[in-house]
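Subject: Structure handover

Hello,

Here is the structure you asked about. Please open it alongside this note, and my findings follow below.

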Number of protein chains: 2
Amino acid sequence: MRRNPERRLALIDAAIEVLAREGARGLTFRAVDAEAAVPPGTASNYFANRDDLFTQVGGRIYERLLPDEATFARSREGVQDEARYTELMHELLARIAAFDTGYLALLELRLESTRRPELRAVLTKRIREDIDANVGYHAESGLPGDPTSVVLLYLALNWLILERLTLPDLFTEEEVRELVDAAVQRMMNPRGTGRG
Amino acid sequence: MRRNPERRLALIDAAIEVLAREGARGLTFRAVDAEAAVPPGTASNYFANRDDLFTQVGGRIYERLLPDEATFARSREGVQDEARYTELMHELLARIAAFDTGYLALLELRLESTRRPELRAVLTKRIREDIDANVGYHAESGLPGDPTSVVLLYLALNWLILERLTLPDLFTEEEVRELVDAAVQRMMNPRGTGRG
DNA sequence: GATGTAGTACTCTATGTGTAGTGGTTTGAA
DNA sequence: TTCAAACCACTACACATAGAGTACTACATC
């Protein structure tokens, strides 16, 4: 097992591209070698087996998907109102569109996790943290809406992104924009927050 | 190319199981043969190539996923109010949980459709029809909420189902139930339906 | 020159495709 | 009732491909 960390990271990032392009079953050592433009056999030397490769990719993918510190800090600035929140959600969609292979790879990982308990544990932990963080930031921001609002928004936007990536002709760009606006507005402003 | 329709259907349904279990890249003629318990080579004789197989599965999957006529008729009965609507959504989730391989197969097909234009066209058409039908039924029912409500609910519930199938430990059963309740309530009752 | 990694080369194995060929069954007409 | 054509299930095989794993050489660094 070789230990060069740059090379390992390059292999993992190559694996993300392979995942998005070829699907989970297409994520082989040889495909990673080819994608990373390293000699055949290299990935074999860096990961104990395919399960290990999947798990390491699962640990990495979220780092690439989340905004970097600068972007994140910028999103905390300015007036914290609904219009600003809506704007941030549009930015979120744009950011993901710019790294669509990452999002597709995450979807492949999710499906693969039905077969790999270790991978499932990694993903569950990461996504749980992400949701909790979003709920926390929202609470701090003083915006209207409760934790349920944030989770519902998370659900709706995720599927909207999935639609756009897998079936781009289903909704027009205009419809997507309107759906994002409506999602923020309606999730954040429940008529009555208690049970009806 | 052989034409026995029962056998073809059995092969397609076997393909759905294979898709859910092995993923899109694992959907090979041989795997279908094995799943359908027919001799190797049979699927080769029923489908021109893998692309054809994917397309035919894409045409079939929605028939298996949608409720049958009886269930559908029953859902139209009774009081058409928000409580009833919420109940229907819980039933929807239960129905999908009982045929989770079908839903997983559809997800695999969606991801595969990024590589197969024909399949993408089939899925886009089917899903477009499904959304339009839901919007239509909702309009007829006289329930509060507009087409956007229905689409937002569709988005949120789909991702919730995906979470439950791929990462079952992310939300507890109780949380899922509350999210369904909240989703129906908040989507259907926007504070102000107009902009701003 | 000791250590660790890059890169090469090779074997072994598994898997899948496509198709030719065989035998059985059904159908319909004489 | 018989026979032949058509169709289909099933078997078998030839061919191709791809991937895993590993041993080995070459190189760089300290």
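Where is the place of A:E87 in chain A? A:E87 sits in helix 6 of chain A, which covers residues 82-98. This is a predicted model, so please read everything below with that in mind. A:E87 is partly exposed, at 41% relative accessibility. A:E87 and A:M187 lie 100 residues apart in sequence. In space, their C-alpha atoms are 15 Å apart.

**Salt bridges**

Over all chains, the structure holds 30 salt bridges. Side chains of opposite charge can pair when their charged atoms come close.

Start with A:R60. A:D13 forms a salt bridge with A:R60, and the closest N and O atoms are 3.0 Å apart. What does this pair tie together? A:D13 lies in helix 1 (residues 5-22) of chain A, and A:R60 lies in helix 4 (residues 50-65) of chain A, so the bridge ties together parts that are 47 residues apart in sequence.

Is A:R60 buried or exposed? A:R60 counts as buried because its relative accessibility is 15%, and the cut-off for buried is under 20%.

A:R60 also forms a salt bridge with A:E63, at 3.2 Å from N to O. These two residues are three apart in helix 4 of chain A, so about one helical turn separates them. A:E63 counts as partly exposed, at 47% relative accessibility.

In chain B, look at B:R21 and B:E22. Their side chains meet in a salt bridge, 3.2 Å from N to O. B:R21 is partly exposed, with a relative accessible area of 41%. B:E22 is partly exposed too, at 28%.

There is also a network of salt bridges. It links A:D51, A:E112, A:R115, A:R116 and B:E108.

**Where chain A meets chain B**

How many residues of chain A are in contact with chain B? The count is 60 residues of chain A, in contact with 60 residues of chain B. The area buried between the two chains is about 5,000 Å². Carbon and sulfur atoms give 61% of that area. Three residues, A:R25, A:W159 and A:R186, supply 17% of the area that chain A buries against chain B. That is more than any other three residues.

One pairs B:E163 with A:R110, the closest N and O atoms being 3.0 Å apart.

Which elements of chain A give two or more residues to the side that touches chain B? They are helix 1, helix 7 (100-112), helix 8 (117-141), helix 9 (147-166) and helix 10 (173-188) of chain A. Helix 9 of chain A gives the most, with 14 residues. By class, the side of chain A that touches chain B has 27 nonpolar, 15 polar and 18 charged residues.

Best wishes

Methods: Residues numbered from 1 in each chain as written. Chains lettered and ligands numbered in written order. Predicted model: local features only at pLDDT ≥ 70, side-chain atom pairs only at ≥ 80, totals over all residues. Heavy atoms only, no water. Salt bridge = Lys/Arg side-chain N within 4 Å of Asp/Glu carboxyl O. Helix = DSSP H or I, 4+ residues; strand = E, 2+ residues; numbered from the N terminus. Buried < 20%, exposed > 50% of the residue type's maximum accessible area, 1.4 Å probe, protein only. Contact = heavy atoms within 4.5 Å. Buried area = accessible area lost by both parts, 1.4 Å probe. Nonpolar A, V, L, I, M, F, W, Y, C, P; charged D, E, K, R; others polar.
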